[in-house]
Amino acid sequence: MGTWSVSICGNDTAQDLRMEYSAAFWKYDVEEALARIDEYVRSEMCDESDEEEWCNYYYSLADFMWKKGILTETVKNKAIEMIDSGFGLELWAEAGQKTLDSRKKKLAEFKEKIL
């Protein structure tokens, strides 16, 4: 996975999944699209045990849905729970305090946006 910024979609996973989101939400209702996307991600990419990739997936999903006006309470609440718990921040800490602080700031801004 490539990451080029601390932003929500500043990584390969988020960018790659945007096409999947567009196709799924165009073809299916929100509930069915979410089920199919989750199945695809879990079978082809990652699950919660890969914290970095799971955050990239889930935050980009919440961002996409928010931008389209279809963000569900379930997705929103899960993204907020992940942000509040610090899920996936260990790898950002390895890049240094400045990078970690920048990522935390972006996540706080994202949380505020989706609330």
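User: Which helix gives the largest share of the lining of the largest pocket, and how many residues is that?

Analyst: In this predicted model, helix 3 does, with 5 residues. Helix 3 covers residues 51-68, and helix 1 (12-27) and helix 6 (97-114) also give two or more residues each to that lining.

User: What volume does the largest pocket have, and which residues are closest to its centre?

Analyst: The volume is about 260 Å³. Of the 15 lining residues, Ile8, Cys9, Asp63, Lys67 and Lys113 are the closest to the centre.

User: Why is helix 2 called roughly antiparallel to helix 3?

Analyst: Look at the angle: helix 2 (residues 30-44) packs against helix 3 at about 160°, and the axes are 12 Å apart. Angles over 145 degrees count as roughly antiparallel, so this pair gets that name. The crossing of the two is right-handed.

User: How do you know that helix 2 and helix 3 are in contact, and which residues do it?

Analyst: Contact means heavy atoms within 4.5 Å. On the helix 2 side, the residues that make the contact are Val30, Leu34, Ile37, Asp38, Val41 and Arg42, and helix 3 brings Trp54, Tyr57, Leu61 and Met65. By class, that comes to 8 nonpolar, 2 charged and no polar residues.

User: What about helix 3 and helix 6: at what angle do they cross, and which residues make the contact?

Analyst: They cross at roughly 35°, and their axes come within 11 Å. The crossing is left-handed. Helix 3 uses Asn56, Tyr59, Ala62, Asp63, Trp66 and Lys67, while helix 6 uses Arg103, Leu107, Phe110, Lys113 and Ile114. That contact has 6 nonpolar, 1 polar and 4 charged residues.

User: And why is helix 4 called roughly antiparallel to helix 6?

Analyst: Helix 4 (residues 73-85) and helix 6 cross at roughly 155°, with axes that come within 10 Å. The cut-off is over 145 degrees, so helix 4 is roughly antiparallel to helix 6. Helix 4 passes helix 6 in a left-handed crossing.

User: Which residues meet there, and what classes do they fall into?

Analyst: From helix 4 come Lys76, Ala79, Ile80, Ile83 and Asp84, and from helix 6 Leu107, Phe110, Lys111 and Ile114. The contact has 6 nonpolar and 3 charged residues, with no polar ones.

Methods. Residues numbered from 1 in each chain as written. Predicted model: local features only at pLDDT ≥ 70, side-chain atom pairs only at ≥ 80, totals over all residues. Heavy atoms only, no water. 1 Å grid on protein atoms, 1.4 Å probe; cavity = no way out; pocket = protein on both sides within 12 Å on 5 of 7 lines; lining within 4 Å. Points joined across faces, edges and corners; volume = space filled by probe spheres on them. Helix = DSSP H or I, 4+ residues; strand = E, 2+ residues; numbered from the N terminus. Axes fitted to C-alpha atoms, helices over the stretch in contact; angles between N-to-C directions. Parallel < 35°, antiparallel > 145°, perpendicular 65-115°, else oblique. Left-handed = near helix turned anticlockwise from the far one by under 90°. Nonpolar A, V, L, I, M, F, W, Y, C, P; charged D, E, K, R; others polar.
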